[in-house]
Amino acid sequence: MQRLKEAASLIRRNLHSYGFLTHHRGLCSIPDAALADDLDHQVAILNGITMGGGAGVSIPGTFRLATERTVFATPETLIGFHPDAGASFYLSHLPGHLGEYLALTGEKLNGAEMVACGLATHYSHSSRIQSIEEQLGTLVTDDPSVVESSLENYSELVYPEKGVLSRIETVDKCFSHDSVEEIIDAMESEAARTNDPWCVSTVKRLKEVSPLSLKVSLRSIREGRFQTLDRCLVREYRMSLQGFSKQISGDFLEGVRARVVEKDLAPKWDPPTLELVSEDMVDRYFSPLSEFEADLELPTNLREAFT
């Protein structure tokens, strides 16, 4: 939250300068840099909030341990932004169209749900974390099969309670549509047909968040499905700078103001409706940066590309 406040303050004071860009470039490189040497045997313990850069540095790794305290979400559309830090890669590879649902609504998953959909690989009660860390610390090899065996010794079988995964057929039916407008229309039809509170709340959430962010995020997930992690990181960095620039919209500033700073939960989005979000506005998020702003450079010459 503090990082969001600082970013919004810098942009509001027109300090969209070298210092801020360097800071954000570093944040966008975190998933790549952290995984460059340890991808095959990294163990991420997701014992709490797993969002943003924390999710970005954890989920591309081989082992992700969730607990009963884990809370995962990509809530960026609520603040007029888009899922970044590699989110368009890992969300787009979830079963069916669950990734689109999570990206657009910003809804949460718990640890059991993360395991069920593949975002986490193992589950254990948080009371066992110290033992797990001690066990991993005794290993004298980085052989992934040995790490796997160690984690299995502490893993538990869990089954998610009723939630979005129990409605995956509805998610696939509605969120497979080509446009945000069609997705909302499909969800409204389901809500009218079933009177299911979950459908009603999903429609409500989709109508509360930034219309521009919805369209940008949907396209990002769809492109991520056919791109490598490296390519997604570079594209997301480009999208972030376009969003920060305020040349397309001030939704990021407004979203942070409404949700983080003043907390009135009443953002005034620009444009205010999906109908007013032009194709050109969305295209500009995916356009090359200006000659004065360099693209994100990843150390692909030092390692194999991430797929």
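Contact, as the word is used in this report, means heavy atoms within 4.5 Å. Among contacts in the chain between residues at least 6 apart in sequence, 71% join residues that are at least 24 apart.

The structure is a predicted model, in which local features need pLDDT of at least 70 and side-chain atom pairs count only at pLDDT 80 or more, while totals for chains, interfaces and linings use all residues. Residues are numbered from 1 along each chain as its sequence is written, and side-chain values use heavy atoms, with hydrogens and water left out.

**Overall make-up**

The chain holds 15 helices and six strands, where helices (H or I, at least four residues) and strands (E, at least two) are DSSP runs numbered from the N terminus. Of the 307 residues in the chain, 50% are buried, a term that stands for under 20% relative accessible area, with exposed over 50% and partly exposed in between (1.4 Å probe, protein chains only).

**The sheet**

Three strands form an open sheet in the order E1-E3-E6 with parallel pairing, and two strands count as paired if DSSP finds at least two bridges between them. Strand E1 (43-46) and strand E6 (122-123) are at the edges with a single partner strand each, so one side of each lacks a neighbour in the sheet. E1 and strand E3 (residues 63-66) are joined in the parallel sense by four bridges, whereas two bridges join E3 to E6, also running parallel. Some residues that stand opposite each other are listed here.

| Residue | Opposite residue |
|---|---|
| Val43 | Phe63 in E3 |
| Ala44 | Arg64 in E3 |
| Leu65 | His122 in E6 |

Helix H8 (residues 144-152) packs on the sheet and touches E1, E3 and E6, and its direction makes about 10° with that of E3. Both faces of E3 are covered, with Phe63 and Leu65 buried on one side and Arg64 and Ala66 buried on the other.

**A helix pair**

The axes of helix H5 (residues 98-105) and helix H12 (residues 211-224) come within 9 Å and cross at roughly 150°; axes are lines fitted to C-alpha atoms, for helices over the stretch in contact, and angles run from 0 to 180 degrees between N-to-C directions. H5 is therefore roughly antiparallel to H12, a label for angles over 145 degrees, while those under 35 count as roughly parallel, 65 to 115 as roughly perpendicular and the rest as oblique.

Gly99, Glu100, Ala103 and Leu104 in H5 meet Leu214, Ser217, Leu218, Ile221 and Arg222 in H12. The residues of this contact of H5 with H12 divide into five nonpolar, two polar and two charged; Ala, Val, Leu, Ile, Met, Phe, Trp, Tyr, Cys and Pro count as nonpolar, Asp, Glu, Lys and Arg as charged, and the others, Gly among them, as polar.
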